[in-house]
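Colleague: Could you walk me through this one, please? I am still learning how to read a fold.

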Amino acid sequence: MKNKSIGKHLIYQRKLKGYSQQQLSEKTEVTVRTIQRIEKGEVHPHLQTVKLLATALYIDMNDLLPLENPREETLQKKWLLLLHATPILGFVLPLCNVLFPLFLWIHKRGDNSIYDRHGVKVINFQITALILYALSFVALLTVEKWGFLFFIAIVPLCVLIVLGNIVYAVKAHKCYYPLSIPFLRAKANAPAKAILLLLAGIASFNCSSQGIEIVTRLDGTTISKDSLTSKVDQLMVDAQVCGMAVTVFNDSSPVFQKTFGYKDYPNKLPWTDSTNIYGASLSKAVFSILVMDLVEEGVIDLDTPLESYLPKKIYKYEPRTRWHDDFTALKEDSLYHKITARMCLSHTTGFANWRWDEPDNKLRVHGEPGAKYGYSGEGFVYLQVVLEKLIGTGLQELADERIFEPLGMHHSAYQWKARFDKDFAFGHNKESEKYKKDIDNEPRSGSTLETTASNYTKFLQAVLRKQLISETAYKELFSPQIRLKSLTQFYEGSNIMTDKYDHLNLSYGLGWGYLETPYGKGVFKEGHGNGFQHYSILFPEAGKGIMIMTNSDNAESIFKELLEVAIKDVYTPWEWENYIPYIKS
């Protein structure tokens, strides 16, 4: 019965077009005898033959062959299985999860509408899966914890959906693909659209991959990681810098993190992320967060004179360290009792940087506390000692409990640890000769931090993300406390007043320097010691920043150029910091 139906349809369509059997044979290369037998209902033509005849007659194949043909069940199962199962090959061959079902669909969609419907759903799901995988990869690099969970969940979820649909399609001739974006619908121009979408998806994926390989700077321009690496290498060679670690932050996360050169230049031992390095005054940035944590708990107040927290005068306590908690010289001082935590953190105590800067090595207050900026490690140590006596816990234990352990900074401490012996950086002078490594420091809040590039990166990331303390505490920490009007921070220029930096509102906050830019406030902290020169600046509103750690007395001479190239920071007051470029020195 079905054969006669095909024959009747063929006779009708042939005569409608005005073709003889001979003319139709010439157009299709189907023999006249075969056409005669089809029209008489003597044979059941192969689907390919029906397709040739329909093409020659400019009609849809369904006009000749109704869908309910007796061979359809077998064909469905075979081709449906391939449509739904071939995406698994994408795990071995990239993009084949889309390409294989796409080719099958283009080839078979005209044979049966069920292939068309299933093919569209498979391709839509697989293109969506590619996009989700690209997004999960970006999330892995940019979103802590949840990004990792998103990344590892995508592949198992997609595999389960594919396996479920293989069984569902073969048994029930149905499929269900959740989450799919309907890029395609079953219609005549769908193949061309599918190919265009696939090409766009590949281009998009490549762009997202390339995006991971670039650094976006403050002004929105970008630099490739390779170009930044080459620039650092060139600067280090030109300025004879022995070793360096650089981290650049985008979206409050490290987007570039690399170490360069040597921890031991004479012996050519490479510096790595796990190499321990003396942090110098980067110690103060960590301590300031610790203090604000205690302020939030109500342990101390920023504006209460520190001496009032102790049961006796600070100079009456017997020293427990070699020197830094010896305040006996203050017995003769009439101003120190006014000093508050805010003054210590903003460098307005009136103390010298260190007591040995005094002619007689005795600590004293110069001028009214709180009135004038004067960088002072002694101010930080004074605050530390008061806290230790008040709480009954040492600096190292407080830092471990509130900073290092919560952030996983397992290679950081305010004093030397035996485990650091295996991998540490020596400081080097301008001739690249090693300084002797100092390992007998007692914990001091202003100067003795030992850390690694990866550990200090974790700390700065936590600051950008406003972890450890509240947003209100960060706002207080990063608010200007006193304007900086001196030509330079140290040396002769520190006594020369200028309006040169007024456009930056250059100030000091609590433990961090402060300036204002078109991209929001910038907060910075330096570190400087024999053979070690460091700098970090963060732009919290922009989510950007940079960390530079070095083990060379030549390093500060490349800071200006490196800041400009890496993040377009043209705001750091390099002359005030005495970061004189090597090409000008």
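This is a predicted model: local features need pLDDT of at least 70, side-chain atom pairs count only at pLDDT 80 or more; totals for chains, interfaces and linings use all residues.

Colleague: What does the protein chain span along its principal axes?

Modeller: The C-alpha trace of the protein chain spans about 125 × 50 × 45 Å along those axes. A compact globule of 585 residues would have a radius of gyration near 25 Å, whereas the protein chain has 37 Å.

Colleague: And how many helices and strands does the protein chain have?

Modeller: The protein chain has 18 helices and 13 strands, and if you look at contacts with a separation of 6 or more, residues 24 or more positions apart account for 66% of them.

Colleague: OK, on to the sheet. What is the order of its strands?

Modeller: The open sheet of 9 strands runs β5-β4-β3-β13-β12-β11-β10-β9-β8, and the pairing is antiparallel. At its edges are β5, residues 269-270, and β8, residues 482-483, each of which pairs on one side only.

Colleague: How many bridges does β5 have with β4?

Modeller: Strand β4, which covers residues 253-264, pairs with β5 over 2 bridges in the antiparallel sense, and you can find Asp264 standing opposite Leu269 in β5.

Colleague: Which strands do helices α10 and α11 lie across?

Modeller: Helix α10, residues 225-239, lies across β3 and β4, and its direction makes an angle of about 30° with β4. Helix α11, residues 282-297, lies across β11, β12 and β13, running at about 130° to β11.

Colleague: Now the inside. Which residues have the most contacts in the largest nonpolar core?

Modeller: That core has 72 residues, and those with the most contacts inside it are Phe287, Ile314, Tyr382, Leu383, Tyr456, Phe459 and Trp512. The largest share of this core, 9 residues, comes from α11, the helix that lies across β11, β12 and β13.

Colleague: Let me zoom in on Tyr456. What does Tyr456 touch?

Modeller: Leaving aside residues up to four places away in sequence, Tyr456 touches Leu282, Ala285, Val286, Leu449, Thr451, Met547 and Met549. There is also a second, separate core of 43 residues, which includes Tyr508, Leu515, Val565 and Tyr571.

Colleague: Last one: what share of the protein chain's residues is buried, and what is its accessible surface?

Modeller: Of the 585 residues, 53% count as buried, while the accessible surface comes to about 26,700 Å², with 56% of that belonging to carbon and sulfur atoms.

Key:
Residues are numbered from 1 along each chain as its sequence is written. Side-chain values use heavy atoms; hydrogens and water are left out. Two strands pair if DSSP finds at least two bridges between them. Helices (H or I, at least four residues) and strands (E, at least two) are DSSP runs, numbered from the N terminus. Contact means heavy atoms within 4.5 Å. Axes are lines fitted to C-alpha atoms, for helices over the stretch in contact, and angles run from 0 to 180 degrees between N-to-C directions. A nonpolar core is a set of buried Ala, Val, Leu, Ile, Met, Phe, Trp, Tyr and Cys residues joined through side-chain atoms within 4.5 Å. Buried means under 20% relative accessible area, exposed over 50%, partly exposed in between (1.4 Å probe, protein chains only). The radius of gyration is taken over C-alpha atoms; the globule rule is 2.2 Å times the number of residues to the power 0.38. Accessible areas come from the Shrake-Rupley method with a 1.4 Å probe; for residues, only the protein chains shown count as cover.
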